[in-house]
Amino acid sequence: MARVLTPRAEDFPRWYQDLISKAELADNGPVRGTMVIRPTAYAIWERMQADMDSRIKAAGAENAYFPLFIPESYLKREAEHVEGFSPELAVVTHGGGKQLSEPVVVRPTSETVIGEFMAKWVDSYRDLPLLLNQWANVVRWEMRPRVFLRTSEFLWQEGHTAHATEADAKAYTLKIHHEVYERHMRDLLAIPVVLGRKTNRERFAGATSTYTLEAMMGDGKALQMGTSHELGQNFAKAFDIGFSSQAGTREHAWTTSWGTSTRMLGGLIMCHGDDSGMRIPPALAPIQALVTVVKETDGSITAAARALVDDLAAAGVRVKLDDRVDTPFGRRAVDAELKGYPVRVEVGPRDLAEGRVVLVRRFDGSKTPLALGEAVGAVTAALEADQKALYDEALARRENNTVDVSTLDEAFEAAATGWARIPWSQVGVDGEALANERAVTVRCLYRADGSIPASQDEPDLTAILARSY
């Protein structure tokens, strides 16, 4: 099994590419930087999407849809925004066999087009807050694409809101960050994340504040799993998103935006995967238990397996039957490990003759013979235990590979294999620029109590420095 995939310790990027191919997760698309998401991975994305969507709606936002094509002039209205995205833009100049009167941009993000319609829909303080979310694809022309992590087209959700006050906008941005993003990643993906503030150098183009969730991957690098942005009144002034206040004055709204994407699939692979393939957290897994017929004799083995599938389904387990006995059992076992099914129950003639089956847990590879009547209880217990075990393992790895340092040189050394935790005062703007020259970035800033600061200029902040994807 070790040679089905390149071992992670030998070549982590190669392991990642091997796994995406061998586990049938995705293929490269026909245009450089694009990807085809195969059914195995898309089923995982659908469960991510469903969970995220329910949390977003619980936070009060409603789903809408806005156009893929955005007039180029819209982006130019917010100078910092267009400058930040210019290198990544895909621009359409011809349509219907004719040159367009104005070029249109394939959306890299939708602040500008949504701002245009917010200005149309908002008139009074009674129209606020306006809380919108859309599920869509976006295009950012990547120079160094990598499947799921950085592709020229990817899937995501992007939230956009308008508020009557700065305080309300800030509170809602942090609500999304904690109640939607952090809980989704912790409770469903079993990925521990550090929440913090991006430095001014790293914040979103056009934002006044950017908040991030950073996760450590299996090789010690960081991955930005999602971001939330306070946009101040920058876009409101550019698009004239105004409203009549309770006092009767005309005011500009305060807006926010926030997003997560199919990058989370890459994070899932790199955070939990091992040398045998994916390990999908049971709460997330589209298939939690695979009941496998090892070998058939007279039809009784498959019948017993089907009965077990019915019992597991009745207990609320997402279960699938593998009765492809014309395919060698070893090949099917390898495929199940590659795809990361949390639990496999092997039903074979010899074990069944003794009233037993074998429970195989993907988390630790353990194999446990048990009585057929105990299988349902053992499966549900394993699913619950392994969800927590994956989170605990990822958290322990992050803590074991995060080093407290006091100088930039020590931070650079620590960032070669993991994360450096250092007082922000020892880094500063000049130190951040020096770190970037060495392919190390300030991932986030946070206070001593772990909370998110209001500014990078607050005293006694901690910075996380790391290499990243």
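Where is Glu24 in the chain? Select Glu24: the residue sits in the loop between α1 (12–22) and β1 (26–28). Helices (H or I, at least four residues) and strands (E, at least two) are DSSP runs, numbered from the N terminus.

This is a predicted model, in which local features need pLDDT of at least 70, side-chain atom pairs count only at pLDDT 80 or more, and totals for chains, interfaces and linings use all residues. Residues are numbered from 1 along each chain as its sequence is written, and side-chain values use heavy atoms, with hydrogens and water left out.

**Backbone stops**

Stay on Glu24. Its phi is positive, about 60°, although Glu24 is not a glycine. Most residues other than glycine have a negative phi, and most peptide bonds are trans. Glu24 counts as partly exposed, at 31% relative accessibility. The classes are buried (under 20% relative accessible area), exposed (over 50%) and partly exposed (in between), with a 1.4 Å probe and protein chains only.

Next, select Ala190. Its phi is also positive, near 55°. Look for Ala190 in the loop between α6 (166–188) and β9 (194–197). Ala190 is buried, with a relative accessible area of 0%.

Now go to Leu128 and Pro129. A cis peptide bond joins Leu128 and Pro129, with omega about 0°. Pro129 belongs to the loop between α5 and β7.

**Aromatic stops**

A pair of aromatic rings is described by the distance of the centres and the angle of the planes. Rings of Phe, Tyr and Trp (its six-membered ring) pair if their centres lie within 6.5 Å; planes under 30 degrees apart count as stacked, over 60 as edge-to-face and the rest as tilted. The count by this rule is 9 aromatic pairs.

Select Phe66 and Phe117. They form a tilted pair, 6.2 Å centre to centre, with 55° between the planes. The pair links distant parts of the chain, 51 residues apart. Phe66 lies in the loop between β3 (62–63) and β4 (69–71), and Phe117 in helix α5 (residues 111–121). Phe66 is buried at 4% relative accessibility. Phe117 is partly exposed at 27%.

Move to Tyr74 and Phe239. This pair is edge-to-face: 6.1 Å centre to centre, 75° between the planes. Tyr74 is in helix α3 (residues 72–76) and Phe239 in helix α7 (residues 234–239), 165 residues apart. Both residues are buried.

Arg77 lies over the face of Tyr74, 4.7 Å from the ring centre. The rule for a charge over a ring asks for NZ of Lys or CZ of Arg within 6 Å of the ring centre and within 35 degrees of the ring normal. Lys221 and Tyr469 come next: Lys221 lies over the face of Tyr469, at 4.9 Å from the ring centre.

Ring pairs link Phe66, Phe117 and Trp121 into a cluster.

**Cysteine stop**

How many disulfides does a search of the whole structure find? The search finds 0. A disulfide here is a pair of cysteine sulfur atoms within 2.5 Å. Select Cys271: the nearest cysteine sulfur, that of Cys444, is 16 Å away. Cys271 is buried, at 2% relative accessibility. Cys444 is in no disulfide either. Cys444 is buried too, with a relative accessible area of 0%.
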